[in-house]
Amino acid sequence: AAVRYPDEIVDTFPLAAPERLRLLDEWEKCYEVGLATESIAEALRCGVPPFLAGFTKVVRERGIPEEHYRSFLAAMRRDVHPRPFATLADLIEDYVYGSAVVVGYFLTHVYGAQTPATFGHALTSAHDLGIALQLTNFLRDVGEDQRRGRVYLPMDILRAEGIAAPDVNDERQHAALARAQQRLAAVAADYYARAQSRVDAFAPDCRPAIQACINVYGRLNERLAHSTNALHQRASVPLREKLQALPPSKLWRIPLAYLLR
């Protein structure tokens, strides 16, 4: 909820931009208050919302760098007044780091590593997986993002395909947009592979969930790379393929809600 609520503020609630920013500022102030308390009960007495009070307790107890959540909220603010991203590096550094990478860091601190010596490798895997997942989400939601006034496909990739102002409603651009999507899907595939190479750095109990995420979203990324209608139809991985991508002995660990997404 600490991640979901700010995301809903910028994506779902029917609010004007100033109100979105006010709510995000208010939420961040509550985060800072929660960090200064010593318990959930104290945070609640200070007016911190319950979910955020619980989250700040996890931040304190797990040693999560406080700046990570501030970076996440900064990324949410960028969505209130969206702008194009010049390059892939610009996209990752100025948006994906805050929107996805630090969320992976949160989970790494909670899940833990196989040993203290592998914690850095686990963080690296989380970093790469966060980028991969976010790029796949961008590819899946190009049309929806345009309706929100957002363009996440890097402008240098678009210009290389002859597109100066992307418009999913312009059929003349569809072939070029598909090529741009394929290029970004290839980048995402590389990040999935890099994340996969360090999965063993995580604590054994959490590896099935991480592996399932890599397998299922990796398949979604492949479908997007080869889709002929990704601009107008939200791609997904059929349940049967999700089940095939998961380790059979660990299916009981995967929530039904995840399988049916």
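User: What percentage of the 261 residues in the chain is buried?

Analyst: This is a predicted model, in which local features need pLDDT of at least 70, side-chain atom pairs count only at pLDDT 80 or more, and totals for chains, interfaces and linings use all residues. Residues are numbered from 1 along each chain as its sequence is written, and side-chain values use heavy atoms, with hydrogens and water left out. A residue is called buried under 20% relative accessible area, exposed over 50% and partly exposed in between, with a 1.4 Å probe and protein chains only. By that rule, the buried share of the 261 residues is 47%.

User: How many helices and how many strands does the chain have?

Analyst: Helices (H or I, at least four residues) and strands (E, at least two) are DSSP runs, numbered from the N terminus. Read from the N terminus, the elements run α-α-α-α-α-α-α-α-α-α-α-α-α. The count is therefore 13 helices and 0 strands.

User: Among contacts between residues at least 6 apart in sequence, what share joins residues at least 24 apart?

Analyst: A contact means heavy atoms within 4.5 Å. Among the contacts in the chain between residues at least 6 apart, those joining residues at least 24 apart make up 63%.

User: Which elements are included in the cover of the buried residues of α10?

Analyst: Helix α10 spans residues 174–196, and its 23 residues reach 32 Å from first C-alpha to last. That is close to the 33 Å expected at 1.5 Å a residue, the expected span being 1.5 Å times one less than the number of residues. Its buried residues include Ala-176, Leu-177, Leu-184, Tyr-191 and Tyr-192. The cover of the buried residues includes α6 (88–111), α7 (119–140), α8 (142–147), α9 (155–160) and α11 (207–226).

User: Is Thr-108 buried or exposed?

Analyst: Thr-108 lies in helix α6. Leaving aside residues up to four places away in sequence, Thr-108 touches Phe-119, Ala-122, Leu-123, Ala-126 and Phe-202. Its relative accessibility is 1%, so Thr-108 counts as buried.

User: How are the rings of Tyr-31 and Tyr-69 arranged: stacked, edge-to-face or tilted?

Analyst: Rings of Phe, Tyr and Trp (its six-membered ring) pair if their centres lie within 6.5 Å; planes under 30 degrees apart count as stacked, over 60 as edge-to-face and the rest as tilted. A search of the whole structure finds 14 aromatic pairs. The rings of Tyr-31 and Tyr-69 have centres 4.7 Å apart and planes at 50°, so this pair is tilted.

User: Which helices hold Tyr-31 and Tyr-69?

Analyst: The two residues are 38 residues apart, and their pair links distant parts of the chain. Tyr-31 is buried at 0% relative accessible area, and Tyr-69 is buried at 0% too. Tyr-31 lies in helix α2 (residues 17–35) and Tyr-69 in helix α5 (residues 66–80).

User: Which residues form one aromatic cluster with Tyr-69?

Analyst: The rings of Tyr-69 and Phe-106 have centres 6.2 Å apart and planes at 45°, so the pair is tilted. Tyr-69 lies in helix α5 and Phe-106 in helix α6, so the pair ties together parts 37 residues apart in sequence. Phe-106 is buried, with a relative accessible area of 5%. The residues in one cluster with Tyr-69 are Tyr-31, Phe-55, Phe-72 and Phe-106.
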